[in-house]
Amino acid sequence: MGAASLPINSVRLTNSTSNFTSTSHYASLSFLKLTPSLTASKTLSLKSVVRVQAETEDYELKQMRDMAAARKRWEALIRDGKVKVLTPREAGYAVQLSNKPLLDVRPSNEHNKAWVRGSTWIPIFDVDKRLDAGTIPRKVTNFVMGGWWSGLPTLSYDSQFLAKVEEKFPKDAELIVACQKGLRSLAACELLYNAGYGNLFWVQGGLEAADDEDLIVEGPMPLKFAGIGGVSEFLGWTDQQRAAAAKEGWAYRLVFSARLLGVFLAADALYLGAQQIGRYIQDIRSH
């Protein structure tokens, strides 16, 4: 599968497709006002909060700078022809007609929902299942700052990624690399190229950009839905589900409308229950 036999598309990485950019948004501390009535312990507590906020902002700025530098390196790989570009349809032709290997580098939470038949799964980042002092704060932060909505778990880099790939594929293999949205696979391409792989093909836009007829897909869900989760998926408020609703019609929308109504009813019941408990506690205290 040489470069001459496949159309190579010019590509520019945009922020809209990033799945590396931090999605954490921290609340402003402007509501905290120091007054003479604050005790020493409260003042120290506020100083600690401010210090943590500053450290978090520094970390996010570093992430943004690192991401910007990575984008420039990835664009250079593609611009210089070191990594060739394929659309999902072209990747499907190469896999089905030429039996070219497809390396799926998605984490397990995405791969387990849907995968391309015959692909090889070796995640570059995977769900971090550790529960220790170093990972629990990260998981809590990830959940509070959007993980509950998107369903995106805390991921960690697999340091054995290259070794696992080298066990499966020789350095001269024509390797098609794909992830869900297209950026983690670029990171994988950079690692593989630096490790000596010279025939790399990147699936632009990721597997999520594939149409139903482009790839032979297996698994319990459509390939486009493999990257969604959390409350947004439950309520049908993702772009993928809205697109599906436009095709399926009112019956598809009715399912998620019923779920939304159920959430409102449950929230209302919890609120009323909390009020009743509060009154009950007040009655006990008054007697």
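## Pairing of strands

Two strands pair if DSSP finds at least two bridges between them. In this predicted model, strand E2 (residues 102-104) and E4 run parallel and are joined by 2 bridges. Asp104 stands opposite Trp121 in E4.

Strand E8 (residues 200-203) pairs with E1 over 4 bridges, also in the parallel sense. Here Lys84 has Phe201 of E8 as its bridge partner.

## The sheet and its helix

The strands belong to an open sheet of 5 strands with parallel pairing, in the order E1-E8-E7-E2-E4. E1 and strand E4 (120-121) are the edge strands, and each of them pairs on one side only. Helix H2 (residues 88-98) packs on this sheet, where it touches E1, E2, strand E7 (175-178) and E8. The direction of H2 makes about 100 degrees with that of E1.

Although E1 is an edge strand, both of its faces are covered. Strand E1 spans residues 83-86: Val83 and Val85 are buried on one side, and Lys84 and Leu86 are buried on the other.

## A nonpolar surface patch

Helix H4 (residues 136-150) supplies the largest share of the patch, with 6 residues.

Is Val231 buried or partly exposed? With a relative accessible area of 30%, Val231 is partly exposed.

Key: Residues numbered from 1 in each chain as written. Predicted model: local features only at pLDDT ≥ 70, side-chain atom pairs only at ≥ 80, totals over all residues. Heavy atoms only, no water. Buried < 20%, exposed > 50% of the residue type's maximum accessible area, 1.4 Å probe, protein only. Contact = heavy atoms within 4.5 Å. Axes fitted to C-alpha atoms, helices over the stretch in contact; angles between N-to-C directions.
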